[in-house]
Every structure is written in structure tokens, then in C-alpha cells.
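Have the structure open while you read.

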Amino acid sequence: TRETPVGDRLPDRAEQLNSGQIAEFNDLEHRVRDAVAALPVRQRQVMALTLAGFTAAQIAQQLGCGQAAVRQNQVRGRDSLARQLGIDRRQP
């Protein structure tokens, strides 16, 4: 199953960004890329395949491991990324 954000609906149209917002997004993009790059190889692989929309079963088959290992790497990868990016995952 996929996690679905509660309550935050996407707007019908994208808003124009000002230069400050663009700079902020560029900084965030670099922080996220650095955080993903710092993950152990298996977590990085699992997170990439998860974000690409593959199921735990498909990822397990692709990587030659069990689904439990995939789920464990998903949890650890998410936790590590949240810590590195200063995100409190306990808050809804």
C-alpha cells in the first residue's frame, strides 16, 4: 500500500514562483539529494524503487531479497531521511 497525505489537496494549477521561492526549492532539492546519497546502498536502492512505484514484492524480486527486508529498508530509509532533513515523522 502507498501512503496518502491526509487533507493536503493539490491545486488545479501551479502558482508562479518568485526568485526567493525558486532558491528555496533549489536548496531543498540539494539537501534531499545529499540525504539520499548518504543512505546505505540497499536503502538507497529500495527507496528509489519505492518512489518509482514498485511494490515490495517487485522490489524484493528485483533485488533478490525477501519482502520483509524490503519493508525494513523502507522504514529505515524513511527514518534516516526524516532525521537528516529535520522532519518529525510522529506529527500527523
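1. L17 sits in the segment before α1. Leaving out residues up to four places away in sequence, L17 touches I22 and F25.

2. Before going further, a word on confidence. Keep in mind that this is a predicted model. The mean pLDDT of the protein is 85, and 87% of its residues reach 70 or more. Of the elements, helix α1 (residues 19-37) has the lowest mean pLDDT, at 82, while α3 has the highest, at 96. As a rule, where pLDDT is low, the predicted coordinates should not be read in detail.

3. Now the overall layout. How many helices and strands does the protein have? The secondary structure comes to 4 helices and 0 strands, and the order from the N terminus is α-α-α-α. Of the 92 residues in the protein, 21% are buried. Take the contacts between residues at least 6 apart in sequence: 57% of them join residues at least 24 apart.

4. Next, the pair α1 and α4. Helix α4 covers residues 67-85, and its axis comes within 10 Å of the α1 axis, with a crossing of roughly 135°. That makes α1 oblique to α4, and the crossing is right-handed. On the α1 side, the residues in contact are R31, V32, D34, A35 and V36; on the α4 side, they are L81, Q84 and L85. By class, this contact has 5 nonpolar, 1 polar and 2 charged residues.

5. On to α2 and α3. Helix α2 spans residues 41-51 and helix α3 spans residues 56-63; their axes come within 10 Å and cross at roughly 135°. The two helices are therefore oblique to each other. Which hand does the crossing of α2 and α3 have, left or right? This crossing is right-handed. From α2, the contact takes in R42, Q45, V46, L49 and T50, and these meet I59, Q62 and L63 in α3. Sorted by class, the residues of this contact are 4 nonpolar, 3 polar and 1 charged.

6. Then α2 against α4. Here the axes are 9 Å apart and the packing angle is about 95°. Since an angle of 65 to 115 degrees counts as roughly perpendicular, α2 and α4 are therefore roughly perpendicular to each other. The α2 residues in this contact are R42, Q43, V46, M47 and T50, and the α4 residues are V70, N73, Q74, R76, G77, R78, S80 and L81. The contact of α2 with α4 divides into 4 nonpolar, 6 polar and 3 charged residues.

7. Is N73 buried or exposed? N73 is in helix α4, and at 13% relative accessibility it counts as buried, because the cut-off is under 20%. Not counting residues up to four places away in sequence, N73 touches R42, Q43, V46 and M47. S80 also lies in helix α4. At 13% relative accessibility, S80 counts as buried. With its neighbours within four places in sequence set aside, S80 is in contact with L39 and Q43.

8. Last, a residue from α3. Q58 lies in helix α3, and at 39% relative accessibility Q58 counts as partly exposed. How far apart are the C-alpha atoms of Q58 and V70? They are separated by 9.7 Å, and the two residues are 12 residues apart along the chain.

Methods
Residues are numbered from 1 along each chain as its sequence is written. This is a predicted model: local features need pLDDT of at least 70, side-chain atom pairs count only at pLDDT 80 or more; totals for chains, interfaces and linings use all residues. Side-chain values use heavy atoms; hydrogens and water are left out. Axes are lines fitted to C-alpha atoms, for helices over the stretch in contact, and angles run from 0 to 180 degrees between N-to-C directions. Angles under 35 degrees count as roughly parallel, over 145 as roughly antiparallel, 65 to 115 as roughly perpendicular and the rest as oblique. A crossing is left-handed if the near helix is turned anticlockwise from the far one by less than a right angle, and right-handed if clockwise. Contact means heavy atoms within 4.5 Å. Ala, Val, Leu, Ile, Met, Phe, Trp, Tyr, Cys and Pro count as nonpolar, Asp, Glu, Lys and Arg as charged, and the others, Gly among them, as polar. pLDDT is the predictor's confidence in each residue, from 0 to 100. Buried means under 20% relative accessible area, exposed over 50%, partly exposed in between (1.4 Å probe, protein chains only).
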